[in-house]
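Colleague: I would like to learn how to read a model of this kind. Please take me through it one feature at a time.

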Amino acid sequence: MKPLYLAMTAFGPFANTETVNFNDLGEHPLFLINGPTGAGKTTLLDAMNFALYGTSTGDRSGPSMRCHHASDELVTEVVFIFALGSAIYRVERKPFQFTAKKRGEGLAKREHTANIYKVSSGEGKPEEWSTELLEANSVRDVTDLVSNLIGLDEKQFKQVVVLPQGRFRELLTANSENREKILASLFNTAEFKRIEEAVRERAQRVSSDYQALKKQLEHQLKEAGFQSIEQATLGLEEQEKPIQETLSELETLRSSREQAQKALTQAEELVKRFVSLEANKQKLETLNQQAEAIAVTEKKLEKHDAAQRIQPQWSDFCRNKKEADERGKALLAADKELQQATSEQKAATEQLQLLADTPMQIEQLKSQVNHFTEQLKSLQAISEVVQQLKFKEKERDTAAARNTELATELQQTRDTLTETKAKLTKLNAAVQSHANIEAKQSQLETQHARLQQRDALQQRVKTETNALTEAKKPLPSALKSLEKAHTASQELRLRWHREQAIALAHELTPGEPCPVCGSNEHPNPANAQQEGELVSQEQLDTAEANVKQCDAAVSKVNLRVNQAETKLAATQEQLKAQQQELGELAEVATDKVKQQLTDLVVVAEQQREEKQNVADLNKSLDELVNKETQQQQQLQKLIAELHQAESTVAQLDARLDTIDPEKRLRALTAEAVEAQRTETQAKAVQLQQGHEQAQKTKSSADTKLAAAKSTQTATAKELETARQGLTDAEQAWQAKLTSSKFIDAEAYLAALLEADQEQRLKTEITEHRQQLTETKAAIAHEQKAIGEQAKPDVEALQTKYSELKQNEASVEHILQSLRSKHEQLRNMITSYEQRVAQSEQLVHEYRVVGALADTLSGENEMRISLQRFVLAILLDDVLHEASIRLEQMSNGRYRLVRRETAGDRRKHGGLDLMIDDTHTGQDRDVNTLSGGESFMAALALALGLSDVVQSYSGGIRIDTLFIDEGFGSLDSEALDLAIDVLANLRASGRTIGIISHVNELKLRIHKRIDVKRGVGGSRLRVG
């Protein structure tokens, strides 16, 4: 990841928009972010981190990121463009904040938003590059996409790219547990931790399953009442005999119960027939009693049939009578309507005669309305001219005032222009007096760098001379120990040989050959000179091992001496060559050149500010010249506009006199004339509507009168026709009634039945006849089926059947209980045997899984878990890379190493860091380093970590490194060495940014981003 462009708006201490184009610093630069404390140096890192991940490198978030100096209308935003290989991406992010509302007063809440684009064309300025949207508005999705693209999450980014203030020492000084968390996050070794946990959980699950199974087996036997599985098996066999006996008894009872059930069923059927016969006899008696009522019903139906035959004449008579009555009522209503219509027609005729002169009045009112309309048109024209006249007079007065004001501003601009030219002349002279300052500064910087190299070599000669002296100190003691061990070993071996000869002499037999020389004669065998312990082979081996150990110690000391001598000779040769190369400059003190360079830097800074002021004045001069030209043009234009306005005013006055020469209309108001016109027009409309309404009323009354006369005539004719029809119908009805069996109309109406009543009576007769036939047939059928049989005693048979059924159920319940106990015991035995097999399988599995879980979780000799083992290997790679740089920064004194020996047996180890100090030849804890040494070690560790993370991250390329503070704890030599290391990183293709307010860094790093603090917020300058 390489930064290309950064824009911050209302962010941190920056009230407006500040931009950094990193291409202006050169290709792979080593640059300094410089400025006073609190100016906002670290804010550049916060902005990049916020754009990518939505958080700062510190503790700020949300509204706290917004600049308090910023305008409420300005929205806090960060735009960051960066490169990944050949691809370029643009991220835009706005934090949660409150800004001015678009409408109305007050502040509106803005939520956290983020967008990410892929740059499709990189031509022109970075802010103008064309882009393609990848993800919009979703804060989490944009952050996840950034993490996937870069290959680092926020924590990893802060460890390998942005080293925040006071935090990049955490990995160096952290304890083993915290270092494990940091490394696990960076190298993503959570998979190994999950393996540990999965195996441990599996072991715990197996152990838990085994214990649960064991308890279940004990509970099964206890619940069944047995002490062992063998006792349970014997009990199962003993339960089979009572089951067979109970089964035989149940079959006997079941046969007896079936016979009793058959007899009871037959008896119940016969009793049902006796009951049915008795019920049908009673029903027949009831039906015979109903015969008289049925005869009465039949007579009612006969009368109803006779009435039905003369019903048409009766209906015709009733219909004609009803129609004659209705026509009589209609004639009365028509007479009344005719009288009312005649009265209304007379009143309408009289009203129309009263309004005979209304049309002439309407015409007079219309003439008055037209007159008022013409007056309104004239008043409208006068009003428009007056408005234009007022506007032009105001425009004329404004132009006159602006003319005076602009003339004053023009004179002020000319005075300022003269003053600026004088300042510019003076500054140009000052800049000219500081000519060639950059060449002198470059020459002094080169001399200072060469002298620093000389001083470093001289210091290395002193250090390596001391190291050689220290290396030689152990040599006499080591040689003396070697000589002493060698002498002791020889004495022991000589004693051993003598003792072996004596032992061999004791075993010689006269006349038999010697196993050593083969002689059969033994004239002078060895004799023991003194008594005491014999020398053992173990003592000989110990003495020989001591000799080897002392010899190795001497060799190790000699090796260190040779290495120190070689290193010292090489450094002395480098120093000699350096002094020859310096020539006369070799006699000059470094501090003198440094002071000259410091003084020159002050002059250079002054020159830079003077040049900036010259540029600013030139810009101001151009702006003033343009302003003077614009003001002259505006003044000329304003004079022309003033003349034009005066001409227009005169024209409007003339037009007003033309419209109203007597000035009579100007005394009127449009509202008064409009009111008169509206009132007159309303009167005309009212008269017109009254006359038209009277005409309509007269016409309607005439129509209504004619209709009433016509209706009365027609209704009288319809009444006469209806009365004639009624007379004919009444004669026909009387003739039909006389010929029937009814004496009058009342008797006829009494004989008529309703339709539902008729149907109900017919249904009663039919059902009575049907029931009578069916009941007689049922009595005959039951008598035939019973024959000569007597009525059985069902209750006695039922009692016998119940007793047998109860006995059968009792025996069957006993059998089920015996079988259930037998089945439960058999299932328990089967389940017990299966669980025993499972238990044995769990024991076998735990032997493997439990041992593996203990090993992976760190319960081993080294107290190292699987994840720590993997992290230890990765940490070794990090320490190897870190030590290369730490040796360079410490003049070869320090290396970072990992403690491999087991420490506290109560804690997990494997990740503890130590410092290998070549001056003492011993390892010591990193916490014993001084402040400056600790910073160098932490910086070396961070750089090594960055390299290794890249190599293990599947092609992730980190082209940039930002370091925030810490250089103030270094002395001059250590500072030079640290910068040399960073310069080497730059040479390998990295961009290195250092945030610091240390003045000495200004002398060593020329590419800078200066942060200027001001009352209204900070500003940036890249150079």
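**Reading the pocket, the sheet and the confidence**

Modeller: The residues lining the largest pocket divide into twelve nonpolar, eleven polar and twelve charged. The model is a predicted one.

Colleague: In which order do the strands of the open sheet stand?

Modeller: The order is β11-β12-β13, with antiparallel pairing. β11 (894-898) and β13 (922-925) each have a single partner strand, so one side of each is left without a neighbour in the sheet. From one strand to the next the twist averages 40°. Five bridges join β11 to β12 (residues 913-917), and Arg895 has Asp916 in β12 as its bridge partner.

Colleague: Which helix lies across β11 and β12?

Modeller: That is α20 (residues 866-889), which runs at about 175° to β11.

Colleague: Which elements have the lowest and the highest mean pLDDT?

Modeller: Where pLDDT is low, the predicted coordinates should not be read in detail. The lowest mean, 70, belongs to strand β10 (residues 162-163), and the highest, 93, to strand β5 (residues 87-94). For the chain the mean pLDDT is 80, with 91% of residues reaching 70 or more.

Methods. Residues are numbered from 1 along each chain as its sequence is written. This is a predicted model: local features need pLDDT of at least 70, side-chain atom pairs count only at pLDDT 80 or more; totals for chains, interfaces and linings use all residues. Side-chain values use heavy atoms; hydrogens and water are left out. Two strands pair if DSSP finds at least two bridges between them. Helices (H or I, at least four residues) and strands (E, at least two) are DSSP runs, numbered from the N terminus. Axes are lines fitted to C-alpha atoms, for helices over the stretch in contact, and angles run from 0 to 180 degrees between N-to-C directions. Contact means heavy atoms within 4.5 Å. pLDDT is the predictor's confidence in each residue, from 0 to 100. Ala, Val, Leu, Ile, Met, Phe, Trp, Tyr, Cys and Pro count as nonpolar, Asp, Glu, Lys and Arg as charged, and the others, Gly among them, as polar.
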